[in-house]
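Before reading on, take some time to look over the sequence and the three-dimensional picture together. The report below is meant to be read with both in view.

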Amino acid sequence: MAQEAIGPPPEETLSLWKREQALLKARVVDQDTEAWQRDPAFAGLQRVGGVDVSFVKGDSVRACASLVVLSYPELEVLYEDSRLVHLTAPYLSGFLAFREAPFLADAVRRLREEAPSLAPQVLLVDGNGVLHPRGFGVACHLGVLTDLPCVGVAKKLLQVDGLEKDALHQDQIRLLRAGGDSFPLTGRSGAVLGRALRSHDGSSKPLYISVGHKMSLETAVRLTRSCCRFRVPEPVRQADIRSRDFIRRTLGAPPPAPGRERAQRPKARPTGGPGGPSGEDRAPAAHSPGPSTPAEAPAPGAQEQ
DNA sequence: GCGACAG
DNA sequence: ATCTTGTCGC
């Protein structure tokens, strides 16, 4: 009994969502609020969180929400919480938070009550912050829900407020020569909504950084840059890797076919402990990262994606 | 009708 | 987001 597919939300729901965004938007703080944010070396920053949600191919409901916490500046995984969730909202550009944020905020809440000492001091979010049609992307949304400083890290430019991926934009990208180089994303309204950042020497495709909450744009860019071993900042990258890995080993082959289906073939791999972890929702609300942390090296010619 | 469309 | 292997370069 696969969960029912999520259909397009009623026009009425969209109105409610827009109202909700407008309401929460008033709570966004777009300036640095923490001492470490002012420090040139981010002294005082010890834990950076990353979140992401991965999906099951032919399934519009099941997904894996992950929250990881990395040490700073080492960028080693200190904590991971990946679990299967049942989505209730469809993906709609401009309303991503209503689909993913609730589960991510839940993960933060759990961590805070189960291991407060491992709670992140800032969150890097896969998606936009104020670089959004109504100035309130998922990074802002999650920031307000958790009251944590948040950074919006998008891999694609959302063309809003006159921003375009035109020839001029492409030229500006070509001018980004080294990791750390960036240029402002100024809307026709004159407001700087974010910055395109070359996160790594070996990555020509920029990241689109914007303020989520409790942070200035300059700090958001500098922090993102300092968390990059590869194009995507390590916290988000680890959350992405782990959430999709969770799905891969939990739901190996999505849907066989409509008709019959036979018993599964027990792969030569134990499911885990005595309890029987292959259950529905709950999942290895893992703690320690285990000794299997890649510990890769900053390859000069690494481009990814 | 055309184009845009974070994840 | 997901569908996907090998391949070129250091």
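This is a predicted model: local features need pLDDT of at least 70, side-chain atom pairs count only at pLDDT 80 or more; totals for chains, interfaces and linings use all residues.

Strand E1 covers residues 47-55, and nine bridges join E1 to E2 in an antiparallel arrangement. Between E1 and E2 there are six residues, and the two strands form a hairpin. One bridge that can be followed in the picture is that of Val-48, whose partner in E2 is Leu-70.

Strand E2, which spans residues 62-71, also pairs with E3, again in the antiparallel sense and over nine bridges. E2 and E3 form a hairpin as well, with five residues between them, and in this turn Leu-75 has a positive phi of about 65°. Across this pairing, Ala-65 stands opposite Arg-83 in E3, while the bridge partner of Ser-66 in E3 is Ser-82. In a regular strand, the side chains alternate between the two faces of the sheet.

How many of the ten residues of E2 are buried? Nine of the ten are, so that E2 counts as mostly covered. Strand E3, at residues 77-86, is mostly covered too, with seven of its ten residues buried.

## A residue in a loop

Is Ser-203 buried or exposed? Ser-203 is buried, because its relative accessible area is 1%, and the limit for that word is under 20%. From C-alpha to C-alpha, Ser-203 lies 7.8 Å from Gly-179, although the two are 24 residues apart in sequence.

## The second largest pocket

Rolling a probe the size of a water molecule over the atoms shows where empty space is left. The second largest pocket holds about 850 Å³ of space. It is lined by 34 residues, and those closest to its centre are Leu-96, Asp-126, Gly-127, Ala-154 and Lys-155. By class, this lining is made up of 14 nonpolar, nine polar and eleven charged residues. Strand E1, helix H3 (96-114) and helix H7 (234-250) each supply at least two residues of the lining, and H7 gives the most, with five.

## The two DNA strands

DNA strand B is surrounded by 19 residues, the closest being Tyr-91, Gly-94, Asn-128, Lys-155 and Gln-159. Of the atoms of DNA strand B within 4 Å of the protein, 50% belong to sugar or phosphate, and the rest belong to bases. The surface near DNA strand B has seven nonpolar, seven polar and five charged residues.

The residues around DNA strand C are Ser-54, Phe-55, Lys-57, Lys-155 and Arg-244. Here sugar and phosphate account for 100% of the DNA strand C atoms that come within 4 Å of the protein. By class, this surface has one nonpolar, one polar and three charged residues.

| Residue and part | Part of the DNA | Distance |
|---|---|---|
| Phe-95, backbone N or O atom | base nitrogen of DNA strand B | 3.2 Å |
| Leu-96, polar backbone atom | base nitrogen of DNA strand B | 3.2 Å |
| Gln-159, backbone N or O atom | phosphate oxygen of DNA strand B | 2.8 Å |
| Lys-155, side-chain N or O atom | phosphate oxygen of DNA strand C | 3.3 Å |
| Arg-244, side-chain N or O atom | phosphate oxygen of DNA strand C | 3.1 Å |

Conventions
Residues are numbered from 1 along each chain as its sequence is written. Chains are lettered from A and ligands numbered from 1 in the order in which they are written. Side-chain values use heavy atoms; hydrogens and water are left out. A residue is near a molecule or strand if one of its heavy atoms lies within 4 Å of it. A polar contact is a pair of N or O atoms within 3.5 Å; within protein, one must be able to donate a hydrogen and the other to accept it, and residues adjacent in sequence count only if both atoms are side-chain atoms. Ala, Val, Leu, Ile, Met, Phe, Trp, Tyr, Cys and Pro count as nonpolar, Asp, Glu, Lys and Arg as charged, and the others, Gly among them, as polar. Buried means under 20% relative accessible area, exposed over 50%, partly exposed in between (1.4 Å probe, protein chains only). Helices (H or I, at least four residues) and strands (E, at least two) are DSSP runs, numbered from the N terminus. Two strands pair if DSSP finds at least two bridges between them. On a 1 Å grid over the protein atoms alone, a cavity is a set of points where a 1.4 Å probe fits but cannot get out, and a pocket is an open set with protein on both sides within 12 Å along at least five of seven lines; lining residues have an atom within 4 Å of a point. Grid points are joined across faces, edges and corners, and a volume is the space filled by probe spheres set on the points.
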